[in-house]
2 protein chains.
Amino acid sequence: MTTMQKKKVYFFGNKKAEGNATMRNDLGGKGANLAEMTNLGIPVPPGFTISTDECNSYYENNQQLSAALLKEIDENLEKVEQSMGLKFGSQDDPLLFSVRSGARVSMPGMMDTVLNLGLNDVSVEGLAKKSGSARFAYDSYRRFIQMFSNVVLDLEHGAFEKILEKTKDSRGVTQDTDLTVEDLKGIVAQYKAYLKDKGIGFPQDPKEQLKLAIGAVFRSWNVDRAIKYRKINKISAEWGTAVNVQAMVFGNMGETSGTGVAFTRDPGTGEKKFFGEFLMNAQGEDVVAGIRTPQPILELKNTMPSAYQELEDIYLKLENHFTDMQDLEFTIQDKKLFLLQTRNGKRTAPAAVKVAVDMVKEGMISKKTALMRVDPEQINQLLHPMIDPKAQVKVIAKGLPASPGAAVGKVVFTAHEAEEWIEKGEKVILVREETSPEDIGGMHVAQGILTARGGMTSHAAVVARGMGKCCVAGCGACDINENTKLLKVGSLEIKEGDYITLNGSKGEVILGQVPLIKAELSGEFGELMQWTDEFRRLKVRTNAETPLDAKVAKTFGAEGIGLCRTEHMFFEGDRIKAVREMILANNETDRRKALDKLLPIQKKDFLELFQVMRGLPVTIRLLDPPLHEFVPHEAEAQQEMAKEMGITVAEVKAKVDKLSEFNPMLGHRGCRLAVTYPEICEMQTRAIIEAAIDASQAGVSVEPEIMVPLVSEVNELSTLRQLIKDVADAVIKEKGVKLNYTIGTMIEIPRAALTADLIAEEADFFSYGTNDLTQMSFGLSRDDSGSFLPEYVEKGILKDDPFQVLDQTGVGRLIEYSFEKARKVKPNLKIGICGEHGGEPSSVEYCHRVGFNYVSCSPYRVPIARLAAAQAVIKETLA
Amino acid sequence: MTTMQKKKVYFFGNKKAEGNATMRNDLGGKGANLAEMTNLGIPVPPGFTISTDECNSYYENNQQLSAALLKEIDENLEKVEQSMGLKFGSQDDPLLFSVRSGARVSMPGMMDTVLNLGLNDVSVEGLAKKSGSARFAYDSYRRFIQMFSNVVLDLEHGAFEKILEKTKDSRGVTQDTDLTVEDLKGIVAQYKAYLKDKGIGFPQDPKEQLKLAIGAVFRSWNVDRAIKYRKINKISAEWGTAVNVQAMVFGNMGETSGTGVAFTRDPGTGEKKFFGEFLMNAQGEDVVAGIRTPQPILELKNTMPSAYQELEDIYLKLENHFTDMQDLEFTIQDKKLFLLQTRNGKRTAPAAVKVAVDMVKEGMISKKTALMRVDPEQINQLLHPMIDPKAQVKVIAKGLPASPGAAVGKVVFTAHEAEEWIEKGEKVILVREETSPEDIGGMHVAQGILTARGGMTSHAAVVARGMGKCCVAGCGACDINENTKLLKVGSLEIKEGDYITLNGSKGEVILGQVPLIKAELSGEFGELMQWTDEFRRLKVRTNAETPLDAKVAKTFGAEGIGLCRTEHMFFEGDRIKAVREMILANNETDRRKALDKLLPIQKKDFLELFQVMRGLPVTIRLLDPPLHEFVPHEAEAQQEMAKEMGITVAEVKAKVDKLSEFNPMLGHRGCRLAVTYPEICEMQTRAIIEAAIDASQAGVSVEPEIMVPLVSEVNELSTLRQLIKDVADAVIKEKGVKLNYTIGTMIEIPRAALTADLIAEEADFFSYGTNDLTQMSFGLSRDDSGSFLPEYVEKGILKDDPFQVLDQTGVGRLIEYSFEKARKVKPNLKIGICGEHGGEPSSVEYCHRVGFNYVSCSPYRVPIARLAAAQAVIKETLA
């Protein structure tokens with residue numbers, strides 16, 4: 001790479017910078033913003049930025065700074081000296097520098113920084129004079145040597161800390177601040193002696209210090225943690241880091257100095273008011289450390305009115321300039337205000353929404369920009385109770401974030417107890433090894449659910465998400481004993497009745513009772529959501545089985561039901577009994593008898609859904625899971641079932657054993673059930689069509705979409721299509737009415753995607769079941785992935801958990817292949833997605849790009865999908 | 001479809017036919033061959049063939065024969081009358097016809113036939129005169145009415161049989177042959193009365209009979225069984241059937257008449273000698289029925305020398321003409337010889353091989369043709385003991401054909417007993433619910449293995465195939481009780497020590513002791529196999545772990561090992577203990593200790609394999625199955641293991657529970673083990689490389705191919721490639737030698753195929769694991785497919801079991817997609833297949849077509865693959 005013709009170093013200072021905000025690629029994010037602020041006439045301590053190209057040159061040049069670079073550094077150094085009227089290494093009023101990394105995108109904490117550079121045995125005296133405190137100067141020197149030794153000379157902190165501790169011991173003090181100037185001088189001497197022992201002379205030449213520090217920052221681009229971070233975040237190693245060399249200013253030079261951080265709006269609520277804190281006679285780290293209590297920023301008006309006025313002008317200028325809420329760092333050195341940093345401020349979800357909407361109203365940004373300002377994933381916070389961000393929490397274990405939100409309650413170990421305790425007015429968390437259909441009652445009343453086994457699609461996870469209830473699943477660190485009523489995490493024992501708190505959004509189990517806040521759908525949120533509809537082309541439906549879920553989803557803007565999993569209706573109340581009778585039946589006649597009992601129940605379910613959705617499309621999937629999911633696997637439950645069904649336990653056991661499979665995920669389920677037991681499909685079809693007719697007759701027009709799951713071969717679909725048509729048409733004829741319906745299929749098996757052209761011939765619509773498609777494409781059971789998938793993500797083998805973020809590299813190719821095949825045969829085939837990816841922003845964007853007609857997701861993710869779909873369109877206009 | 005310009009009816013007779021053997025599409029197979037024989041001047045009873053197009057016209061024309069067709073039929077009828085000098089419906093010497101179907105490809109027994117057509121109340125007298133037997137004539141008439149009523153008039157046989165039985169009862173006789181002419185006349189009258197009752201007059205007009213019979217044959221093209229047969233065999237409904245109307249000749253017109261079937265060579269051995277049987281004064285069905293014993297064909301020389309001489313000339317002419325062994329049917333009517341059919345004769349595997357090789361030597365056919373004449377699948381018979389085809393067997397249950405061959409022995413229910421009984425000199429069949437590694441000893445000594453559970457990749461099936469031992473697996477009809485020592489099949493009880501016979505090629509369980517024959521590799525077989533090597537381009541390797549398997553495969557012509565499944569080496573003897581220690585280890589240090597014990601064992605295994613293969617390539621796959629396959633799941637075995645390992649049962653149980661997975665197929669296995677436990681991969685790499693070095697130093701040059709299983713993401717492979725390289729290079733350096741090795745991967749997960757271009761960058765070779773690729777593409781666990789896959793194949797939803805025959809429609813697309821991607825990146829990438837499809841002929845052909853470099857299959861399938869690979873090349877030259 002040749003960089004001969006390009007500048008290597010960019011100066012900023014004297015209200016004029018050689019760079020600006022658009023030059024992130026060359027100057028890094030920090031350098032570009034420092035230049036921009038300088039150009040805006042905002043007081044920024046002068047300095048210069050060494051471009052990212054020089055990082056690559058450094059490596060190409062055998063880790064040496066080139067002569068040409070050194071020359072430019074020298075020139076810029078002089079400019080800074082001139083600008084500050086100070087001299088680098090001076091014994092009177094020395095110029096000191098900070099040397100910081102700054103890559104194209106922020107890599108917080110990954111790379112190194114050196115402060116107070118330029119101190120030596122001479123300039124330390126200059127600093128003492130300037131600050132009026134020899135103690136301050138020698139403490140700064142001590143710190144500088146230690147930081148320099150660590151960052152630049154690659155020595156461990158330990159030896160230096162030991163010297164410090166020894167001195168404190170010998171002086172009989174415990175705080176650093178109790179050390180005298182003489183103590184500190186002694187420590188400096190000991191530090192230098194230690195280095196000498198190592199054969200290193202601490203460089204006294206400030207330029208030599210600078211040269212070494214710049215090299216060290218370049219080297220920190222390739223430390224392990226930075227490489228790993230880049231790999232995970234797909235940051236190219238070629239980008240390199242810039243280096244910012246900036247004059248130090250001190251907020252701790254007496255009562256006319258100070259430092260602070262501020263936001264141009266309230267980052268917690270989004271309210272339009274200047275927000276922040278400051279401390280007089282302090283450095284940035286003092287504000288962070290929390291030893292002294294900072295004052296609210298408005299107090300600065302009283303403490304130092306001129307600085308405050310200047311700051312107010314600046315913050316308004318910056319917000320207007322960057323048209324976003326800014327996060328500022330400032331220092332006042334001897335009454336003079338300096339801005340050290342500005343960046344777009346991090347904010348809570350409510351603040352993000354309010355700031356975006358307010359700024360549109362203020363005419364500052366467009367709706368498009370506003371929509372791009374809110375992270376769809378963050379919206380989740382607005383829809384579930386959450387742990388008060390101010391609360392101190394003790395996380396004792398981490399499981400899978402199976403269902404978002406937070407919950408607090410007393411630990412109970414059985415569903416039965418959960419129900420009893422609720423009767424007594426308690427709030428409980430149901431803690432189980434794993435849950436089963438028998439636990440539904442307890443799950444329903446509990447605040448949240450914690451399981452030790454099972455994955456993101458385990459019973460607990462699926463049911464909890466359906467209920468919109470917080471759940472942490474598959475928390476392997478939890479040793480749960482229902483008999484001794486103990487939950488053990490390592491040596492920690494939690495008894496029945498003890499409080500725990502769950503954070504279902506992060507998978508955290510927290511000791512004790514933590515305050516929760518219930519975020520609400522504010523007016524601005526509703527407004528923002530309406531704007532999404534002005535842009536997005538992708539429809540958003542919901543996955544829902546119950547009228548309650550359907551209602552919630554509709555409130556959130558769902559435009560139909562994309563997936564009604566009929567089997568979820570099988571678990572409740574008396575239904576499970578009829579389901580089990582059907583399963584136990586030894587012949588078709590008995591099976592039909594049991595199905596006859598289910599028919600009216602299913603019909604009622606569907607009718608209620610149709611009524612809630614009032615004419616919006618409703619896709620109903622035929623029975624999907626293997627039959628063994630409906631029978632109990634534990635001895636006690638089998639006894640109960642035998643009693644209930646009036647048969648022997650042996651008979652129950654025999655049937656359960658017969659149904660058990662080595663790999664249920666790849667077994668007798670989905671449309672395979674309908675092929676071998678057509679009568680189940682017949683009953684469900686009849687229930688759907690009868691319900692649709694009843695709804696129509698009650699004034700709600702319905703065009704039911706009947707969906708066949710788990711098709712791998714077109715002959716399965718054509719066989720079942722005929723069966724469904726025969727039953728549906730017979731029912732319609734029977735009732736003497738007119739009713740349109742369509743028959744489609746899930747695309748959730750790789751072979752279905754591979755033969756999508758053949759399958760499209762028999763399908764009115766496709767719905768991609770990306771959960772199963774991901775499992776089968778990866779050869780990876782979601783429920784079993786816990787033993788290695790986290791390690792895969794951690795090691796960077798996989799960037800994301802493919803069950804959370806759709807894998808565009810692999811599964812995506814399969815989807816695109818099938819799209820091409822299917823649309824060639826049926827250009828207008830309606831195509832949706834109903835896997836959980838349908839509510840994940842990057843996956844939604846992908847679906848838009850590929851040409852899906854709709855996504856379908858759980859009710860609580862509908863707003864997320866709407867926003868992501870709008871952003872997908874806006875991104876296209878930006879690209 | 002317009003057929004105006006085409007002939008509808010094709011005459012054959014008078015040594016001249018309007019059709020010939022190339023016109024199968026128009027005339028059907030039978031019609032084309034009758035025409036060909038006629039043209040050859042061979043005496044064939046004259047007749048005519050109605051073309052297949054007319055079948056379609058019949059359906060288009062509302063199931064009516066068109067006037068144009070009827071006209072052509074009439075014209076041809078006259079020609080036959082002229083040719084035979086007989087008159088249709090004559091009362092003196094009537095012309096009678098057979099009316100038979102005949103499609104483009106044979107659909108044996110699917111469609112209808114009418115014989116003796118033309119008999120009526122008048123011509124029956126003519127037949128009586130001609131045959132000299134009124135009894136014969138009326139019996140023929142009776143049979144004709146019954147056949148006509150059934151086939152043409154669609155009436156059940158039952159009523160007719162009842163009339164016949166009643167007459168026999170009233171006459172006090174039991175055999176049809178005891179009925180007198182008068183009895184038969186009475187029966188004819190009753191048949192006609194029965195029809196009259198139904199409102200049907202039995203048609204006396206022979207032309208009406210013919211018209212109706214032709215229509216009936218066309219209709220039989222669309223009876224259920226024929227439609228189903230076509231669906232299964234992918235025969236287009238549009239092909240239609242031809243109808244052959246041919247003059248009847250009678251072999252039962254006295255002692256100068258006769259009938260017989262003959263083969264131009266011995267269909268059992270292939271020996272070049274005229275082979276067959278005949279009966280004088282008999283009809284074809286008498287030869288088949290076996291009431292009278294037919295005489296060997298050579299006896300005809302004495303009985304009727306002129307006819308024999310003529311037959312000999314004809315058979316030689318036909319064999320020379322068709323250049324294949326012919327299966328002939330002939331009839332002698334009053335000293336005059338007629339050929340009724342010739343077709344290529346069915347033959348046993350040894351005969352197929354001998355005939356093909358002999359004919360090449362005789363200069364009759366080319367090597368290419370010879371190779372095409374042998375069905376690769378049939379070769380299987382030559383390699384395993386088989387049930388004597390002459391034996392009468394009672395099949396009591398059917399399971400999966402898990403490992404081919406046959407076995408006879410006494411039933412034992414435990415491996416331990418198997419070993420005890422063998423000590424006593426017995427031969428046993430090991431009968432188990434399912435087998436586990438603990439049963440290896442018993443499996444080793446047993447003649448064959450029968451299990452009630454598990455599929456084609458169950459432990460029993462895999463181990464048995466590896467041992468080349470007969471196995472029937474997953475035989476659900478067997479109720480096996482180890483405690484009561486009873487094997488129940490329905491109400492049948494088989495006790496310990498009772499004999500059973502297994503047919504592992506068909507999955508049959510047979511009661512008692514059935515004679516077996518051990519087919520051998522004849523000289524011709526070896527010769528044929530060498531010819532395959534002159535044509536095929538696809539290399540054939542074997543899947544083998546033991547030196548014994550490797551030796552067998554090499555004898556069969558294997559050109560290397562394509563898959564050595566290292567885990568199979570883990571089960572034997574003391575090894576399992578070390579394996580379990582490794583699994584039980586709670587940390588890396590303990591795991592390494594256990595692995596240290598395994599290292600020398602693995603190394604020795606590999607060294608032995610290298611020595612057997614003597615320089616041929618050997619691909620060794622790293623550990624693949626989930627670890628729980630190595631630990632016992634039953635209480636007793638867990639106790640034993642606890643004792644052996646010196647730990648508590650609870651500890652064993654806890655570990656086993658922790659390892660258990662919901663879907664092991666999609667769980668923590670394959671390279672996922674190596675990623676999370678790199679030390680296992682390190683040990684195996686070291687063992688392979690050390691063994692290769694030892695082999696080299698002993699004079700056997702080796703280039704080991706190290707294969708990483710179950711890759712789904714290129715980062716897995718790149719991580720492990722680096723690990724393997726580090727270890728291998730270190731060992732090579734340690735030993736101070738030179739050694740080449742390559743690192744490749746299985747392509748067995750859909751995502752690996754989808755991202756084959758990325759993976760190819762890190763792989764020296766690909767080996768398609770089509771077992772898993774099929775499972776995951778279909779979302780179908782082979783072990784669980786038993787509950788519905790047979791029904792799928794039966795219903796024609798799937799043409800074949802995709803685990804036996806590679807699914808080219810779906811899985812094939814994935815393979816082709818990945819080929820294109822991979823070869824674009826690495827045009828010379830070596831690509832093989834090591835799933836069981838590698839030994840299935842149509843799949844081998846596919847692999848050749850797609851461009852694989854080699855297939856790898858079990859030792860006993862190596863010759864099959866060699867032949868199939870040669871045929872694939874030859875087919876290309878024919879296409």
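Modeller: What follows concerns one residue of chain B and then a sheet and a helix of that chain. The model is predicted. Asn663(B) is placed in the loop that runs between helix H24 (649–659) and helix H25 (671–676) of chain B. Asn663(B) counts as buried because its relative accessible area is 3%, below the 20% cut-off for that class. Leaving aside residues up to four places away in sequence, Asn663(B) touches Phe662(A), Asn663(A), Pro664(A), Met665(A), Leu666(A), Ser781(A) and Asp784(A). For Met665(A), a polar atom of the Asn663(B) side chain lies 2.8 Å from the backbone nitrogen.

Elsewhere in chain B, 6 strands make up an open sheet with antiparallel pairing, in the order S2-S1-S3-S8-S6-S7. Strand S2 (16–17) and strand S7 (113–117) are the edge strands, each pairing on one side only. Within this sheet, strand S6 (residues 97–103) and strand S8 (residues 241–247) of chain B are joined in the antiparallel sense over 7 bridges. One of the residues involved is Ser98(B), whose bridge partner in S8(B) is Gln246(B).

Helix H32 (residues 811–825) of chain B has 15 residues, so at 1.5 Å a residue it should span 21 Å. The end C-alpha atoms of H32(B) are 22 Å apart, which agrees with that expectation. The buried residues in H32(B) include Val811(B), Gly812(B), Arg813(B), Leu814(B) and Ile815(B). Tyr817(B), Ser818(B), Phe819(B) and Ala822(B) are buried in this helix as well.

Key
Residues numbered from 1 in each chain as written. Chains lettered and ligands numbered in written order. Predicted model: local features only at pLDDT ≥ 70, side-chain atom pairs only at ≥ 80, totals over all residues. Heavy atoms only, no water. Helix = DSSP H or I, 4+ residues; strand = E, 2+ residues; numbered from the N terminus. Buried < 20%, exposed > 50% of the residue type's maximum accessible area, 1.4 Å probe, protein only. Polar contact = N/O pair within 3.5 Å; in protein donor to acceptor, adjacent residues only side chain to side chain. Contact = heavy atoms within 4.5 Å. Pairing = 2+ DSSP bridges. Expected span 1.5 Å × (residues − 1).
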